[in-house]
Amino acid sequence: MNLLSVEEIAKRFGERVLFSDVTFGLDQGQKMALVAKNGEGKTTLLEMLSGDIKPDEGNVVWRNGISVGYLRQDNPFKEFKTVKDVLYGSNNDFVKALNSYEHAIENPDDEEAMQNALNLMDSSKAWDYEAKIDKLLSIFGMDSLGKNQSIELLSGGQKKRIALIKLIVDEPDVFILDEPTNHLDISMIEWLENYLSGQNISLFLVTHDRYFLSRVCNQILELDNGSGYRYTGDYEYFIEKKAEREDNLSSEIGKAKNLYRKEIEWMRRMPKARATKAKSREDRFYETEKKAKQRINKEEVQLSIKSERLGGKILELHHVRKSFDTLKIVDDFNYVFKKGDKIGIAGKNGVGKTTFLNLIMGLEEVDSGKIVTGETVQFGYYTQKGIQPTEDKRIIDVVKDIAEIIPLEKGRKITASQLLEKFLFPPKQQYTYVSKLSGGEKKRLYLLTILMGNPNFLILDEPTNDLDIKTIQILEDFLQEFPGCLLIVSHDRAFMDNLADHTFYFKGEGQIKDYNKTYSEIIEIQKKEGGKSSSPKAVQAPKEVKEKVDAYAEKLSYNERREYNKLEKEIEKLETKKEALTQDLSKPELDSEALVEASEALGKLIEKIDEKSMRWLELSERA
């Protein structure tokens with residue numbers, strides 16, 4: 001069954017043509033990936049499919065009655081105040097029943113309202129809906145926040161995960177996903193792979209993760225030089241057929257050029273008043289001319305820098321320890337870096353990988369132990385935050401602020417403008433504003449500014465996020481030949497497998513294990529050790545949910561049932577306060593008096609949570 005028909009769409013921004021005459025369709029159960037270089041219109045095309053923008057030409061036609069869910073790269077949630085508002089914001093039967101139940105809990109004296117709410121929860125199967133949300137919050141590492149957590153206090157990655165959870169819960173007929181694996185750790189990515197591979201799910205996505213693309217998608221749409229090309233198969237098949245297409249096109253252009261040279265002589269000889277036959281040949285001439293002047297754009301980012309030679313002492317970590325309150329990040333870690341070390345850093349979100357990098361860079365202080373940096377070391381630190389120039393700054397000025405002339409190897413030099421061209425910013429684009437760049441183009445510009453410092457020790461924190469696949473492959477090639485040391489944090493399995501000679505795996509509680517294995521091999525080891533399944537079936541609400549609710553309704557007295565319901569709400573509110581207080585304690589601007597007060601308040605709050613949790617468990621066991 002056809003769900004989507006896209007017919008000859010085009011989009012322009014001023015004189016720049018992003019793409020034109022792009023035609024494709026999406027059928028029930030198909031999973032299509034959109035592949036293109038940064039800046040060639042991937043997000044623009046997704047916004048056309050979602051209806052956010054209109055094509056300049058052509059049509060986007062959805063089948064009547066189809067629901068479409070769109071996961072954007074940025075999710076501001078301006079209309080929502082809390083996590084709960086986002087997750088329960090839909091006006092469907094599940095949410096109506098849950099709202100009715102919440103209202104009944106807050107008014108326990110109204111037994112009739114409680115009974116009606118329970119009946120509504122049963123009839124709409126809303127118990128399953130709530131259990132599904134809770135399970136997804138756990139899978140995506142968001143269950144500790146509390147549903148009353150303010151959206152404004154969430155990081156960009158947390159907002160993205162909440163948006164993804166909301167999308168999965170809503171179960172749209174078609175998923176449109178823009179870089180869904182950004183900000184997910186490996187267990188989350190694998191769960192999402194399994195879920196999206198489901199037979200009944202229809203999908204259109206943009207992703208830089210090559211393993212994810214190969215395992216999930218069975219269709220690929222490529223945007224190249226403004227045209228669209230469709231391939232039926234996985235990523236490897238696409239690479240093979242793309243090369244064939246370019247070879248065939250190159251051959252056709254060559255033949256057209258030979259014919260064009262002959263025909264142009266004929267055109268010059270022919271008189272202005274032409275016969276019908278000659279007019280037909282003239283028309284063919286213009287078609288030949290168009291093909292002969294066609295260009296295959298194989299421009300690629302060219303990465304080249306001058307790096308200083310590393311001395312005998314590079315970087316040494318001796319008995320390093322770091323904690324935040326009770327959370328251990330690093331516990332007695334030792335390592336001495338050697339020349340040419342290429343080390344990956346892996347582990348779940350929140351275990352301290354970025355903090356570890358900041359310790360090395362001196363942006364965080366160790367609690368004990370020492371980090372010794374050699375005199376010849378020149379760091380290049382690529383952070384997740386990325387480049388932070390003012391949005392009204394021109395691209396060329398960002399580079400010139402660092403240097404107008406950049407030294408290369410063997411005594412060669414290059415201008416700021418020439419360097420930008422090597423990073424695929426043509427002269428015309430160099431004078432546009434940073435605000436006009438796509439997310440991937442901003443990351444490419446940021447990478448350029450890092451390499452301008454001629455580092456001999458590169459530290460990269462999630463460098464592949466928002467880069468297109470081709471640029472990632474070029475970055476891989478460059479890093480494989482990079483003569484200095486390399487430290488990478490990434491959830492991109494292909495990128496890590498291709499680059500890391502060994503991996504520091506953060507197991508949690510400050511424990512870091514050095515594996516002399518590929519990232520994919522480590523993932524399999526962790527699965528066996530953890531014994532956890534990444535199957536999407538885990539999301540399905542357990543059948544026991546309704547039975548348990550019925551049970552406690554029968555076995556507890558009315559007052560106990562009222563207390564039980566109130567305790568759930570109270571504990572959740574207290575957990576939210578605890579989270580806020582914990583965040584306050586980590587603020588560097590707190591003076592000693594405020595720090596003592598906050599610590600005392602946190603201690604009392606934890607005691608209160610423990611007391612209420614014990615009572616809740618007591619009632620729960622009886623139920």
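The following questions and answers examine a predicted model of a protein chain.

User: How many helices and strands does the secondary structure of the protein chain contain?
Analyst: The protein chain has 623 residues, of which 47% count as buried. Its secondary structure comes to 21 helices and 20 strands.

User: What share of the contacts in the protein chain with a separation of 6 or more comes from residues 24 or more positions apart?
Analyst: A contact requires heavy atoms within 4.5 Å. Among contacts with a separation of 6 or more, residues 24 or more positions apart account for 70%.

User: Which residue of β2 is the bridge partner of L4?
Analyst: Strand β1 (residues 2–13) runs antiparallel to β2, and 8 bridges join the two. The partner of L4 in β2 is L26.

User: Is L196 buried or exposed?
Analyst: L196 belongs to helix α7 (residues 186–196). A residue is buried if its relative accessible area is under 20%. The value for L196 is 1%, so L196 is buried.

User: Which residues does L196 touch, not counting residues up to four places away in sequence?
Analyst: K31 is 165 residues from L196 along the chain, yet their C-alpha atoms are separated by 8.5 Å. With residues up to four places away in sequence set aside, L196 touches K31, L177, I201, L203, F212 and V216.

User: How far apart are the end C-alpha atoms of helix α16, and what span should its residues have?
Analyst: Helix α16 (residues 469–481) has 13 residues, which at 1.5 Å a residue should span 18 Å. This agrees with the distance between its end C-alpha atoms, 19 Å.

User: Which residue caps the N-terminal end of α16?
Analyst: The buried residues of α16 include I469, I472 and E476. At the N-terminal end, a side-chain oxygen of the capping residue lies 3.1 Å from the backbone nitrogen of K470. The residue that caps this end is D468.

Technical notes. Residues are numbered from 1 along each chain as its sequence is written. This is a predicted model: local features need pLDDT of at least 70, side-chain atom pairs count only at pLDDT 80 or more; totals for chains, interfaces and linings use all residues. Side-chain values use heavy atoms; hydrogens and water are left out. Helices (H or I, at least four residues) and strands (E, at least two) are DSSP runs, numbered from the N terminus. Buried means under 20% relative accessible area, exposed over 50%, partly exposed in between (1.4 Å probe, protein chains only). The expected span of a helix is 1.5 Å times one less than its number of residues. A polar contact is a pair of N or O atoms within 3.5 Å; within protein, one must be able to donate a hydrogen and the other to accept it, and residues adjacent in sequence count only if both atoms are side-chain atoms. Two strands pair if DSSP finds at least two bridges between them.
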